[in-house]
Amino acid sequence: MTEPVQLHAMTTDDARNKELERLFRRFLEIVEPESGRQGLAETPQRMAKAWGEWTAGYAEDPADILKTFDDGAENVDEMVLVRDIPVYSHCEHHLAPIIGVAHVAYIPSGKIVGLSKLARLVNVYARRLQVQERLTNQIADALNDNLSPLGVGVILKCRHMCMESRGIRTPGALTVTSALRGCVKDEPDCRAEFLELCR
Ligand SMILES: [Zn+2]
């Protein structure tokens, strides 16, 4: 038995890409009867590059993205919500696409972040192998831990390619998950406001 290669720990992108290319070339040899045809010649390199992007979130730290600024923050104690943030992820069970939207809200308590940071935060966790429930919780917990807000609300509505195109086949089925923290979880008015804004 050889030791498993720790790909994620490889020091250079180059070494990592080479190993991925080798795997994807072998993959094509197994699934494609004419794996030598011209159209597939560059596919292993393309796949290695694409998977580099689809898993780039492992190298990113949410704390860096959620660096806060104080200017004016003391005046903001109402809900901040960004709706319909695109979600592109892959399920950890089949590596099949998960595609949908996220609604992300928080109620500041002295710390705010730029609105674009909420979309970037979603991306950090989406670009990892995921189950939708964990993805939803990770987004909520990162906001909660880094901003110490009064409350957090996250809703994800996603389609799962592995459910739609194989197995039980439920085309068009939308999986909805939510993660609520602080007053959005505990206070009925706050929760109602969040859900109303997400409708
Ligand atoms: Zn799956």
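Biologist: Why is Cys-162 called buried?

Modeller: The model is predicted, and in it Cys-162 has a relative accessible area of 11%. Buried means under 20%, so Cys-162 counts as buried.

Biologist: What makes His-94 partly exposed?

Modeller: The relative accessible area of His-94 is 40%.

Biologist: How do you know which residues are the protein donors of the zinc ion?

Modeller: Donors are N, O and S atoms within 2.8 Å of the metal. SG of Cys-91, ND1 of His-94 and SG of Cys-162 lie 2.1 to 2.3 Å from the zinc ion, so these atoms qualify as donors. Water is not among the atoms, so the site may look incomplete.

Biologist: What spacing do the donors follow along the chain?

Modeller: The spacing is C-x2-H-x67-C. His-94 sits in the loop between β1 (80-91) and β2 (97-107), while Cys-162 belongs to helix α6 (residues 161-164), so the pair ties together parts 68 residues apart in sequence.

Biologist: What share of the contacts in the chain with a separation of 6 or more comes from residues 24 or more positions apart?

Modeller: Such residues account for 65% of those contacts, where a contact means heavy atoms within 4.5 Å.

Biologist: And how many of each element does the chain have, helices and strands?

Modeller: There are 8 helices and 5 strands, in the order α-α-α-β-β-α-β-α-β-α-β-α-α from the N terminus. Of the 199 residues, 37% count as buried.

Methods. Residues are numbered from 1 along each chain as its sequence is written. This is a predicted model: local features need pLDDT of at least 70, side-chain atom pairs count only at pLDDT 80 or more; totals for chains, interfaces and linings use all residues. Side-chain values use heavy atoms; hydrogens and water are left out. Helices (H or I, at least four residues) and strands (E, at least two) are DSSP runs, numbered from the N terminus. Buried means under 20% relative accessible area, exposed over 50%, partly exposed in between (1.4 Å probe, protein chains only). Donors are N, O and S atoms within 2.8 Å of the metal (3.2 Å for Na, K and Ca); water is not among the atoms, so sites may look incomplete.
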